Amino acid sequence: MSKRILSLVLAMVMVLGTFGTVFAANTVTTEAEAGAFLKAAGVLNGDENGNLNLGNNLSRQDAVILVAQLRGEIEAAKNFSKLPTYEDVKIKFYNAPLAWAQDNGLFVGHSDKVFGFGENLTAQQYSRVLFEALGYKVDTTDASDIKYSVVFDKANEEGILKGLELTQTTEITRGQMALMTFNALGVTMKDSKKTLAETLGIEMPEAPAAKELTAEVNDTENLKEVVLELSNAKLVDEDKLVNTNNYKVVDNNVVKATVEGDNVIILLEKALLDGREYKLRVRSIDKAINKEYKFIARDNTIPKVEEVVVLGEYGIKVITNEPIDIYEGTDRGRNFVVDGKNVAMNVESYGRETVLTPYSKETFKDAKTLTITGLTDFAGFKTGKENFDLEVVKDEVAPKVEDVILRGDKIVEVVFDKDVYVDSVEAYYDRSNVGNISYLSGRHTIFADEATKIDTNKVRYEFKEEFLRTRTDFTIVDVTNHSKVAMEKTTMVAREILDNVEPEIIEKKIEVTDFAAGKAKITLRFDKDVTGILEKDSDVKFDYTKHVGLYERDVLRRNDVSKDHVDAVKYLVKDNGDIVKDTIVVELRGLKEWKTRNTDRDNYYENEMDYVLEVERFASGRNEMYRDYYEFKFRQSTGFSVKEVTVDERKYETHVTMEFTKKVDRNIAEDETNYIFTNTKNARKDVKDLKGRIVTEKNGYEVTIIIPDFKVADYKELRILDVLKDIDGNRLNTETVYNFVAGTISNNANYTMVKNDNGEFEITPKTDVKEITLKTDAKGKFIIMKDLNKLTINAPNADVEIKQGVDVEEVVIEAIKSETLFIEGTVKQLVLSTDKLVTIKGTVTGMKITPNKDLTVKINGEESKLNKDVLVVVVSEDGKVDKVDAKANLAKAVANVKDAVEVGVSVELKVTTGVAIELKDVKAKLEEKLTVEAGEDYKVTAEDFKLVSKELAVGENVVSAVLVVKEAKGTESDKLIKETIIVTITAAKAEK
């Protein structure tokens with residue numbers, strides 16, 4: 001706040017009139033109390049007798065005198081040599097002070113000629129003074145922060161008029177001015193977290209703490225946080241308030257709970273839908289507040305960056321006023337720019353705090369400016385462009401352990417006194433890299449199997465074995481700050497926070513995996529990690545008899561069919577081998593089909609078969625779940641799906657017509673909440689939000705959504721929820737997504753597609769999605785933005801690019817425009833299921849190609865004809881290939897392969913059974929300075945490494961040898977031992 005505004009405010013209130021009384025906030029409710037408090041705070045002075053004269057009005061000209069007094073310039077004001085331009089000054093004494101104020105821009109008259117001499121200040125005028133003190137520009141122009149015409153209403157909204165009955169034209173007394181000033185002291189400054197009182201250095205009185213615990217939940221201010229407002233947070237154990245298990249929102253997970261004053265900020269895993277009503281369930285905290293609270297999800301807040309903090313050469317923290325959608329709404333290459341350049345960086349998101357760390361060997365050491373643009377919140381609102389000055393210095397102070405917390409039987413959370421560097425957070429890898437944390441069990445040292453940074457200063461470690469129930473001392477090492485300054489080795493006794501909340505199933509779904517065999521998979525997702533009774537020698541498979549029961553129609557013993565139909569109950573295991581311990585998969589077999597044939601007798605459906613899955617005894621720590629049930633029907637794909645979507649954009653309204661394969665249930669089809677539109681700002685709205693209506697056409701197959709003032713260019717997609725049913729009660733096969741940009745339908749919303757500034761479609765697979773199918777008739781280029789295990793392309797009119805830095809294990813081309821597959825990243829295997837010309841450009845060295853049809857392939861300008869079922873190995877960047885079949889002389893192939901094998905590149909030649917394998921003179925370039933030579937005995941002659949071979953694998957017409965670096969010694973061993981280095985090399989010579 002400028003000195004002149006501060007002076008003006010203090011001067012304006014100074015006339016009201018040191019006072020030693022200590023005030024509680026609830027006692028400052030009258031004008032006299034406000035005046036006394038401000039006098040005690042040194043803000044107000046009285047007249048020569050010390051009287052505040054609270055009943056008198058304040059004239060405009062006297063306010064100017066007080067401005068001069070407060071600035072210590074009263075003599076300069078009295079002796080100012082100029083005259084004011086005002087023509088209504090009736091007392092000569094005021095000429096010099098008014099000219100001084102006018103010349104210095106400290107007080108504004110009604111015009112150049114009219115000051116308003118002799119007038120009293122109105123409530124609207126003083127509201128303007130206070131908001132200018134708060135840092136806002138108040139005038140009548142569009143450049144103002146607050147228009148003068150609404151400044152009085154704004155003062156009322158901010159509580160400045162609390163305790164007063166005023167209109168904007170009321171000529172306020174000094175007492176009313178005092179109370180307005182006191183109320184304004186509690187209002188935050190523009191673009192700051194500080195209040196006016198904090199800015200002026202005034203200590204406000206604290207309200208007496210409530211003696212009774214109450215709570216309420218208001219509508220949200222953003223779509224990722226719910227605020228539980230407590231009367232007095234100190235009446236509750238803080239450990240209970242921050243325990244995420246104590247809060248529940250249906251179909252969502254609480255990932256973080258933070259206490260701020262008397263509020264608990266509850267961060268959710270999934271964004272809420274704007275305008276929808278939800279319930280927050282509070283449990284296991286205090287009986288006074290353990291109940292359900294209704295609220296409506298709202299987001300009318302524009303996101304903004306509140307602070308940028310340099311953590312060290314390897315970290316910058318960005319603090320926003322609400323959570324930012326890092327994964328969907330943020331392009332880290334464009335949103336965070338350092339000194340005008342895009343820097344490859346990792347972006348960590350922890351609610352309102354985002355931490356930037358540079359990739360590889362890069363640092364922020366010499367950075368001067370961070371430019372932040374277009375950060376998007378979960379309603380689609382974006383920040384503007386803003387520059388922040390950086391002063392990067394080394395942080396010499398290492399982090400210290402503040403707390404070690406036991407959560408359950410296998411998890412430890414370590415809290416540090418400062419933010420920690422994510423790359424220093426490690427679990428056990430091998431004997432040379434044992435991670436950060438350990439404890440002694442007898443004579444054995446036990447290390448953590450998993451390590452995850454869960455907050456800026458908090459790390460969660462998970463152990464494979466359960467802890468002993470006696471005192472446990474944990475030793476923590478090697479965690480660093482963002483200057484890579486490591487902590488001192490610390491041993492601390494862990495304190496246990498008991499989780500007294502039973503786990504709950506928050507999501508249930510069935511997937512038919514083999515209809516002919518009656519097989520299905522039921523996925524049960526809990527609100528926390530769970531344990532159960534595992535089968536002997538298994539880490540993932542449970543004894544199903546202890547946890548599930550399957551019943552036909554009703555849960556009766558005579559209807560128990562578990563032994564006939566339950567195949568397995570186990571944890572969900574990801575493709576990379578990670579075990580997901582909050583998700584249980586129940587595999588079933590031999591189920592009977594649910595049929596809906598009406599026998600025309602009492603509306604009875606013949607062979608209708610409902611199943612009930614009973615789930616029990618899964619636990620979290622010592623807390624066992626309540627028994628739960630899931631009713632389901634086993635049926636083949638209903639055939640009820642979205643056939644086509646057409647969009648008709650008219651002058652005043654837009655018609656979106658969906659054609660289904662079967663006649664729809666009209667009541668469900670016309671439910672406004674079953675269709676979700678996402679605009680280009682990522683805001684999600686249903687038909688009701690858009691003030692639209694839904695009409696089911698007479699034929700029963702078509703449903704039209706009619707939306708007024710709807711611009712198609714402003715929207716990305718329409719989600720048609722799978723709750724829709726046909727007239728026979730069959731649900732829609734799957735949730736369907738219509739892409740407004742590409743004009744395509746996707747029945748598997750496992751990726752997002754946006755159109756960039758170049759008119760290209762960027763495809764980003766959603767979290768944990770490793771396989772996608774790109775099926776579209778659209779023209780243009782589609783860019784794959786994220787790593788995949790498998791990409792299937794059926795896009796006859798499109799080009800596809802694998803973005804630089806993106807790795808795809810396997811690409812299957814069913815149809816693609818002859819121009820082109822661009823490989824800027826890495827593709828390890830290419831399967832061609834088309835007989836048309838395929839053109840490939842980019843990085844091709846070491847790529848395997850398997851043609852399923854005879855075709856021609858053009859690789860980096862080199863054209864080759866390929867025959868069906870002949871493996872091709874690309875061994876050079878110029879696109880030359882070696883074709884290998886049973887009759888080929890492989891000498892040339894071996895010669896080409898030997899120099900092409902590098903770390904992370906798998907090169908494999910298929911040969912027929914009966915051809916011997918010989919490894920000779922093959923070099924694996926593991927690092928720039930290191931070379932390993934493999935001889936016929938599979939041993940390495942170099943001292944640094946040992947190469948070990950698996951046995952030769954003989955399959956259908958294939959013999960291959962796999963060389964794996966299992967041990968590494970020497971100066972580079974730390975780097976290499978952290979990687980899995982597998983080089984597959986196969987050569988052949990005829991022996992028979």
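**Reading a predicted model**

User: Which residue in β23 is the bridge partner of K453?

Analyst: In this predicted model, K453 has V459 of β23 as its bridge partner.

User: How do you know that β22 and strand β23 pair?

Analyst: Pairing takes at least two bridges between two strands. β22 and β23 (residues 458-462) have five bridges, in the antiparallel sense. Therefore they count as paired.

User: What makes β22 and β26 edge strands?

Analyst: Start with the sheet. It is open, has mixed pairing, and runs β22-β23-β19-β18-β26. β22 (450-455) and β26 (495-496) each have a single partner strand, so one side of each lacks a neighbour in the sheet.

User: What about D478: buried, exposed or partly exposed?

Analyst: D478 has 47% relative accessibility, so it too falls in between: partly exposed. D478 is in the loop between β24 (473-476) and β25 (490-493). The phi of D478 is near 70 degrees, a positive value in a residue other than glycine.

User: Which residues of helix α2 are buried?

Analyst: In α2 (residues 31-40), they are A34, G35, A36, F37, L38 and K39. Under 20% is the cut-off for that word. What covers these buried residues includes α8 (174-185).

Conventions
Residues are numbered from 1 along each chain as its sequence is written. This is a predicted model: local features need pLDDT of at least 70, side-chain atom pairs count only at pLDDT 80 or more; totals for chains, interfaces and linings use all residues. Side-chain values use heavy atoms; hydrogens and water are left out. Buried means under 20% relative accessible area, exposed over 50%, partly exposed in between (1.4 Å probe, protein chains only). Helices (H or I, at least four residues) and strands (E, at least two) are DSSP runs, numbered from the N terminus. Contact means heavy atoms within 4.5 Å.
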